[in-house]
Amino acid sequence: MNVQKLDTHTYKELFADAVKEWKQRSGDEEIFPSDVSYTLLEMQTMLVDMLNYYSDQVQEAHIKKYERLHSLRRFLRGQK
């Protein structure tokens with residue numbers, strides 16, 4: 001099983017992407033730190049960054065166990 005390395009972007013890069021996407025979707029030219037949407041984008045970016053970090057911490061042994069479990073499920077489905 002090929003597991004992607006998720007923790008490839010820094011917080012600043014993730015936040016810049018989120019702001020760019022927000023500007024495209026909202027049609028506004030500028031977003032200010034005093035805006036509620038700015039705070040929500042910061043919070044969302046922090047959560048994404050944390051999830052990427054924790055996902056990247058999965059050890060190889062756990063990935064192999066998951067692969068065995070997944071192949072066992074496929075085997076059992078084929079039995080029915």
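Student: What share of the 80 residues of the protein chain counts as buried?
Tutor: In this predicted model, 14% of the 80 residues count as buried. The accessible surface of the chain comes to about 7100 Å², and 55% of that surface belongs to carbon and sulfur atoms.

Student: What makes threonine 45 buried?
Tutor: The cut-off for buried is under 20% relative accessible area. Threonine 45 has 3% relative accessibility, so it counts as buried. Threonine 45 is found in helix H2. Leaving aside neighbours within four places in sequence, threonine 45 is in contact with Tyr11, Leu14, Phe15 and Ala18.

Student: Which nonpolar patch on the surface includes Leu47?
Tutor: The patch is formed by Val36, Leu40, Met43, Leu47, Met50, Tyr53 and Tyr54. Together these residues have about 750 Å² of accessible area.

Student: Why are tyrosine 11 and phenylalanine 15 separated by about one helical turn?
Tutor: They are four residues apart in helix H1, which means a separation of about one helical turn. Tyrosine 11 counts as partly exposed because its relative accessibility is 29%, whereas phenylalanine 15 counts as buried at 13%.

Student: Why is the pair of phenylalanine 15 and tyrosine 38 called edge-to-face?
Tutor: Planes over 60 degrees apart count as edge-to-face. The planes of phenylalanine 15 and tyrosine 38 stand at 80°, with the ring centres 5.2 Å apart, so the pair is edge-to-face. This pair links distant parts of the chain, with phenylalanine 15 in helix H1 and tyrosine 38 in helix H2, 23 residues apart. Tyrosine 38 is buried because its relative accessible area is 18%, under the limit of 20%. Tyr11, Phe15 and Tyr38 form one aromatic cluster.

Student: How do you know that arginine 25 forms a salt bridge with glutamate 21?
Tutor: The cut-off is a side-chain nitrogen within 4 Å of a carboxyl oxygen. The closest N and O atoms of arginine 25 and glutamate 21 are 2.7 Å apart, so the pair meets the definition. The structure holds one salt bridge. Both residues lie in helix H1, four residues apart, about one turn of the helix.

Student: What makes arginine 25 exposed?
Tutor: Exposed means over 50%. Arginine 25 has a relative accessible area of 70%, and therefore is exposed. Glutamate 21, at 36%, counts as partly exposed.

Student: Where is the mean pLDDT lowest, and where highest, among the elements of the protein chain?
Tutor: Helix H3 (residues 60-79) has the lowest mean pLDDT, 80, and helix H1 (residues 11-26) the highest, 90. The chain averages 81, and 89% of the residues score at least 70. Where pLDDT is low, the predicted coordinates should not be read in detail.

Terms used
Residues numbered from 1 in each chain as written. Heavy atoms only, no water. Patch = residues over 30% accessible without salt bridge, like charges linked within 9 Å, V, L, I, M, F, W, Y side chains within 5 Å. Areas by Shrake-Rupley, 256 points an atom, 1.4 Å probe, with all protein chains shown as cover. pLDDT = per-residue confidence, 0-100. Helix = DSSP H or I, 4+ residues; strand = E, 2+ residues; numbered from the N terminus. Buried < 20%, exposed > 50% of the residue type's maximum accessible area, 1.4 Å probe, protein only. Contact = heavy atoms within 4.5 Å. Phe/Tyr/Trp six-rings, centres within 6.5 Å; stacked < 30°, edge-to-face > 60°.
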